Amino acid sequence: MSRVTRFAAGDPGPAARVAGFIAHLRENGLRLGVAEAKLSLNALANVNAVLPDDCRRVLRAVCTGCKEEAERFDALFDSFWMDAGRVKQRVIPKPHVALNDDVHSTRDGTGQDTSASGTSTAPDTGDGEAESEGTGKLIATEQRNLSRRDLRDLVRADEIAEAEAVARRIGATLRDRRSRRRIAARKGDRLHFRKTIRRSLSTGGEPLHLLHKRRPDRERKIVALCDVSGSMSVYAQVFLAFLAGLMRAEKNADAYLFHTRLVRITEALRDKDTMRAIGRMSLMADGFGGGSKIGPSLKRFAESYAKRFVDGRSVVLILSDGCDTEPPEHLGSALEKLKKRGCKIIWLNPLKGWRDYAPIAGGMAAALPHLDLFAAANTLDDLAALETELVRL
Amino acid sequence: MTWTDLQSALGEHGYVASGDLSVALHLALTLERPLLLEGAAGVGKTEVARTLSLAQNTKLIRLQCYEGLDASQSIYEWNYQRQLLTIRSAAEDGQTGKSVEDRIFTREFLLERPLLAAITQDQSPVLLIDEIDRADEEFEAYLLEVLSDYQISVPELGTITASSKPIVILTSNVTRDLSDALRRRCLYTYVEYPDRVTELAILKARCPEVEARLAQQIIGFVQKLRQEELEKTPGVAEMLDFAAALMGLGIADLTDDPAILQSTLTTLLKTQSDQAQITAEVAARIAGKAA
């Protein structure tokens, strides 16, 4: 075991060191506030703080909140308290920000030129996905397509109106009827004793008015993730119209696009002017028609947005063909993680409508065990037909 | 009392607690904070609350969570039948209105459910909120309110403040993520499957009549079995059942008879596919390695 850290002679004392340790944990991604620092000091006063192991256990109980944090804690503790040096060293680097996700460059993270010839400001003449369409095969491509596509060319306003109607019907189907709570209602299946008895007081204990309660219908939150990679561009028209319609019909729906990265388009699609909404979306969907990294995109979703927007009453709708350039394990683990949030996962795959289609693409096979419904959808009519299946969820 | 005292107190009641768990429990007691225990099913999360109540010589109040758990099952409910009868008899005596109302909305007519019961005891009880991950978010939010102020408000009665703060232990099987707000309010410990030495100590504490050699074999077997890819990994409770089954059948050595070993596996393997996976041969091989 390494030695206990020797602090500088001018060090203000144990309280400051604990505060420093909390700051150290915070820098490494643990969510801790002033209250935890205070609690840590109180807790340390309750054990023999001279023993490093006792301190470690105390601080672990106070400062961690889930299994992942508890597992990382030992390394963080050692780096702060058990190093021989005076200066604290960070052993765990901040989560690595993938360069090619946020930087607009024709060079990807490894420094090689991607094959697209254009830049984001001067697109190449041929659209990137033309090559993959030309071969007649649906393959997932590695590259991001850097040309900006105007999605307004793809989606018409009347389609959105039609999609809106479909989305509204689907939303109505997806009511959550699991609630065991009951609320007062004019027509209910149970007596509302509390109210009935209160009312009966005025009639001398005779319950003349029977008041009822029933299970409330709870709205399900729909979270839609749409794949807009090259292999999906044929179907994008339908799905984007559906997304736009969905956002109009359901006030607490949430929408995302992904290709090589993930973009939240909820705010953009809420724009009152339909075509302007689509325009805003196309600005955000930079990279439309490029490669697909389904696994990493979903993983990113599960780790970031899902924590805020997905809960037990959510239905996650994934619109994708499952052609992934990344190893299928990514996709499997991402969905497993997502599933832990308690949501239902529905995967709509346009390829499933094909004759003799079997989900043997690695990604799709890895995803299947985590799905509540795996269905085909190529057109708006297909989406509308889903209604009956969704009732059973 | 230091945490080692607590550890030995738990040990006297047959619970072998790890250092981490003992320190966390000790802190929960001294700082009066709720303790959140997470871990796989069958690692002894519920049992620790029971043992703690024995060691502290207080009551254990248990609230089993489930989807749709609501206030009338977790906090309080008015005793409607009794209220109705009282109103009737009051009406016959000629009493009406305010005086009847004052009478029927008193503590006498209140049915206590676990959360209310826990804060109205004379001596701090152990409040076990079991499998909190099964309850829905609304309940979690309500629980936060109770756990931060230790008070419950009943509209007809007013606020009931805790006469003694309960020792709160929450358990979760990690089937869903709990809210950050709840996690922040609690101390936290992840309970792992016990290691070989600890598990042997548990077996000795619970089934002292098992011979040392067989005990070694049992623990070795169960620990090896946990490394297999099973749907449901056997927990400590299953291990104790397994030991009891072997004792009942009068087996002195695991490697003696593969057929009997296979038949006792029903205590360890709880799904059909797990039973199909661990055949008599596989079991005999694991037992041979463990011995």
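**Strands, helices and the contact between chains**

Two bridges join β2(A) to strand β3 (residues 212-214) of chain A, and the two strands run antiparallel. Helices (H or I, at least four residues) and strands (E, at least two) are DSSP runs, numbered from the N terminus. This is a predicted model, where local features need pLDDT of at least 70, side-chain atom pairs count only at pLDDT 80 or more, and totals for chains, interfaces and linings use all residues. Residues are numbered from 1 along each chain as its sequence is written, while chains are lettered from A and ligands numbered from 1 in the order in which they are written.

Q: In β3(A), which residue is the bridge partner of A:Arg190?
A: Strands count as paired if DSSP finds at least two bridges between them, and β2(A) has two to β3(A). These strands belong to an open, antiparallel sheet of three in the order β1-β3-β2 (chain A). Its edges, each pairing on one side only, are β1 (183-185) and β2 (190-191) of chain A. Across from A:Arg190, the partner in β3(A) is A:Lys213.

Q: What is the strand order in the open sheet of six strands in chain A?
A: The pairing in this sheet is mixed, and β6 (262-264) and β9 (373-376) of chain A sit at the edges. Inside it, β7 (residues 314-319) and β8 (residues 344-349) of chain A run parallel, joined by five bridges, with A:Ile318 opposite A:Trp347.

Q: At about what angle to β4(A) does helix α9 of chain A run?
A: Angles here run from 0 to 180 degrees between N-to-C directions, and axes are lines fitted to C-alpha atoms, for helices over the stretch in contact. Helix α9 (residues 233-249) lies across β4 (221-227), β5 (254-258) and β7 of chain A. Its angle to β4(A) is about 155°.

Q: Which element gives the largest share of the side of chain A that touches chain B?
A: Residues are in contact if their C-beta atoms, placed from the backbone, lie within 7 Å, and the contact takes 33 residues from chain A and 33 residues from chain B. On the chain A side, α2 (34-45), α3 (52-63), α4 (67-81) and α8 (193-200) each supply at least two residues. The largest share is six residues, and the helix behind it is α3(A).

Q: Is the crossing of α3(A) and α2(B) left-handed or right-handed?
A: The two axes come within 9 Å and cross at roughly 65°. Among the residues that meet there are A:Val58 and A:Ala61 from α3(A) and B:Val23 and B:Leu27 from α2(B). A crossing is left-handed if the near helix is turned anticlockwise from the far one by less than a right angle, and right-handed if clockwise. This one is right-handed.

Q: How many residues are in the largest nonpolar core?
A: A nonpolar core is a set of buried Ala, Val, Leu, Ile, Met, Phe, Trp, Tyr and Cys residues joined through C-beta atoms within 7 Å. Those with the most contacts inside this one include A:Val58, B:Ala24 and B:Leu35. Leaving aside neighbours within four places in sequence, B:Leu35 is in contact with residues including B:Ala24, B:Ile169 and B:Leu187. The residue count of the core is 85.

Q: In β8(B), which residue is the bridge partner of B:Ile129?
A: Strand β1(B) runs parallel to β8(B), joined by four bridges, and B:Leu37 stands opposite B:Thr171. Four bridges also join β5(B) to β8(B), again in parallel. For B:Ile129, the partner in β8(B) is B:Leu170.

Methods
Contact = placed C-beta atoms within 7 Å. Buried ≥ 20, exposed ≤ 12 C-beta atoms within 10 Å, placed from the backbone.
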